[in-house]
Amino acid sequence: MKVQIDSQLCQGHGRCYDLAPDLFGEDDEGYATLTALTADGNVPEGREGDIRLAAANCPESAVLVHEEALNDRR
Amino acid sequence: MTVDDRFTDSPFQKADPAELTRFEVMDGPVSDWATDFSHMDEQYAENAHEIWDDLRGRCPVAHTERFGGAWLPTRYEDVQAIAYDTEHFTSRAIIVGNYRPPLDLAPVGGVPPISSDPPFHHDARKLLLPAFTKANVAKQEITTREFCHSLINAFEGRDLVDAATEYAMHIPIRVIADMLGFPTEDTPKFKVFVENALEGVNRSPEEREASTEVLFSYLLEQVRDHIDNPRDDLTTYLINAELYGQKLAPNHVVGTMALLLIAGIDTTWSAIGASLWHLAKNPEDRKRLVEEPALRTTAVEEFLRAYAPVTMARLVKEDVELGGVEMKKEDWVLLPFPAANRDPEKFERADEVVIDREVNRHAAFGLGIHRCAGSHLARMELRVALDVWLDRIPEFSLAEGAPMRWSTGQIRGPRMLPINLG
């Protein structure tokens, strides 16, 4: 699974880093970022549920989840 | 460096009466909510949820001739579309009233950045965001918690309290006074400022202007004191802040201070009060949150969804068709985020309060570029206020028969909330 923050959509509600503070962080203005655990867009094994929950709670739908790793589709 | 002379004269300017578009005050009873709604009506304050549900089923965009003409969408989809559409809708005025401010108030507006339009909005907002990140507002948590305890301590020996005016109200007032660096003894004034700004909508333009002038004079006094005695707070920060290589215009500084003071108080007061009202009426939910503190952050989101206090507003910038109606340039449009949050098309069991709701994409803090800049602060205050109350007063109930009142206008929450303790 892959995860991405769409910075055009993110408005800094912070639901993702409230729900999964080790998988998402905030920048100096409160916009969402990925963290050391997710920096390359790869979701750590066993954390798929947390990522889906964060995405489902984002009011702007700015947490983008790709269920298959992008490489698998090639 | 030269002396800062931006604040020698008051930045408050009386509007030129010729430039104000005034409307007749229509405050009679509502004949039909679909064609004659008034958010200033006591019925609306009391029964907003039922009114929105009814309108969503049959309109879904209501209209009124009051306030010179205003629209009230009730579906999530329509509220979202308006919030995202800054081409057709301006934030030049965000409180619906009986006069429209002049067109040239855009793109800054009276209280930037909430009253600002792009591209200015982005730059004015950027100045504020760092102070209100989750990490920064967390620094206020310890003092907020202590303050909540001190309010509960004052209940010692009593079995009936007004949770609206003796608890919920004081918390955001104290927090924002601390952040702006205003004297604690001035806080009783803030309640009056807030009422004038948000509930005095049907007063005459002259009366409303006079009360704004009182607020601005107070803020100017604070600015001058901070120029003489700079300190580590938001007022000094705004005085020193720069935009486009220059210090902010004096009306920008004072306007933003007005925004922080007004917007930070009524809203959080309402959210804390509505949550306590729900728990006072629903012993099952109350007991569960007393026993399972870990569930409280999830419950807070559900209270924000179900009892979202804030309805924003826009003016139509260009004629536009939305939700099946033709909105005309300069019409008012209310943005009832609380109605959107109860749309069954968007939420399962939309009319129920489900305190362990896991998926909750609510819009209590707005959508799009005007997302409430204080949302992290509000969440912290709401969580701490409920935490302290539930830990200290696990048993409480609504005092039936005692007067209870919900506010009218765009911010909805209990203004009298009689609670029996124990």
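How many residues of chain B are in contact with how many residues of chain A? Here are some notes on that and on a few other spots.

1. **Ground rules.** This is a predicted model, in which local features need pLDDT of at least 70 and side-chain atom pairs count only at pLDDT 80 or more, while totals for chains, interfaces and linings use all residues. Residues are numbered from 1 along each chain as its sequence is written, and chains are lettered from A and ligands numbered from 1 in the order in which they are written.

2. **The A/B interface.** To answer the opening question, 20 residues of chain B touch 15 residues of chain A, where contact requires C-beta atoms, placed from the backbone, to lie within 7 Å. On the chain B side, α4 (134–137) and α15 (375–392) each supply at least two of the residues. Helices here are DSSP runs of H or I with at least four residues, strands are runs of E with at least two, and both are numbered from the N terminus. By class, that side of chain B has nine nonpolar, six polar and five charged residues. The nonpolar class is Ala, Val, Leu, Ile, Met, Phe, Trp, Tyr, Cys and Pro, the charged class is Asp, Glu, Lys and Arg, and the others, Gly among them, are polar.

3. **α5 against α7 in chain B.** The axes of α5(B) (141–153) and α7(B) (170–180) come within 10 Å and cross at roughly 140 degrees. Axes are lines fitted to C-alpha atoms, for helices over the stretch in contact, and angles run from 0 to 180 degrees between N-to-C directions. That makes α5(B) oblique to α7(B); angles under 35 degrees count as roughly parallel, over 145 as roughly antiparallel, 65 to 115 as roughly perpendicular, and the rest as oblique. On the α5(B) side the contact uses Thr143(B), Thr144(B), Phe147(B), Cys148(B) and Leu151(B), and α7(B) brings His170(B), Ile171(B), Arg174(B), Val175(B) and Asp178(B). That comes to five nonpolar, three polar and two charged residues.

4. **α5 against α15 in chain B.** α5(B) also packs on α15(B), at an angle of about 40 degrees with the axes 9 Å apart. These two helices are therefore oblique to each other, and α5(B) passes α15(B) in a right-handed crossing. From α5(B) the contact takes Glu141(B), Thr144(B), Arg145(B), Cys148(B), His149(B) and Ile152(B), which meet Met380(B), Glu381(B), Val384(B), Ala385(B), Val388(B), Trp389(B) and Arg392(B) of α15(B). The class count is seven nonpolar, two polar and four charged.

5. **How enclosed is α7(B)?** Of its 11 residues, 10 are buried, so α7(B) is largely enclosed by the rest of the structure. Buried means 20 or more other C-beta atoms within 10 Å of a residue's own, exposed means 12 or fewer, and partly exposed is in between, with C-beta atoms placed from the backbone. The cover includes α5, α6 (163–168), α8 (187–198), α10 (234–240), α11 (250–281) and α15 of chain B.

6. **One face of α2 in chain A.** The buried residues of α2(A) are Ile51(A), Ala54(A) and Asn57(A). Seen down the helix axis they fall within an arc of 135 degrees, so they line one face of α2(A); the arc is that of the directions from the axis to the C-beta atoms. Covering them are, among others, β1 (2–5), α1 (15–19), β2 (24–26) and β4 of chain A.

7. **Backbone points to check by eye.** Two cis peptide bonds turn up in chain B: Pro112(B) to Pro113(B), with omega near 5 degrees, and Pro118(B) to Pro119(B), with omega near 0 degrees. Pro113(B) sits in the loop between β5 (99–100) and α3 (120–128) of chain B, and Pro119(B) is in the loop between β5 and α3 too.

8. **Positive phi outside glycine.** Ser61(A) has phi near 50 degrees and lies in the loop between α2 (48–57) and β4 (63–66) of chain A. Ser61(A) is exposed, with 12 other C-beta atoms within 10 Å. In chain B, Arg349(B) has a positive phi of about 45 degrees, lies in the loop between α14 (337–340) and α15, and is exposed, with 9 other C-beta atoms within 10 Å.

Technical notes: Two residues are in contact if their C-beta atoms, placed from the backbone, lie within 7 Å. A crossing is left-handed if the near helix is turned anticlockwise from the far one by less than a right angle, and right-handed if clockwise.
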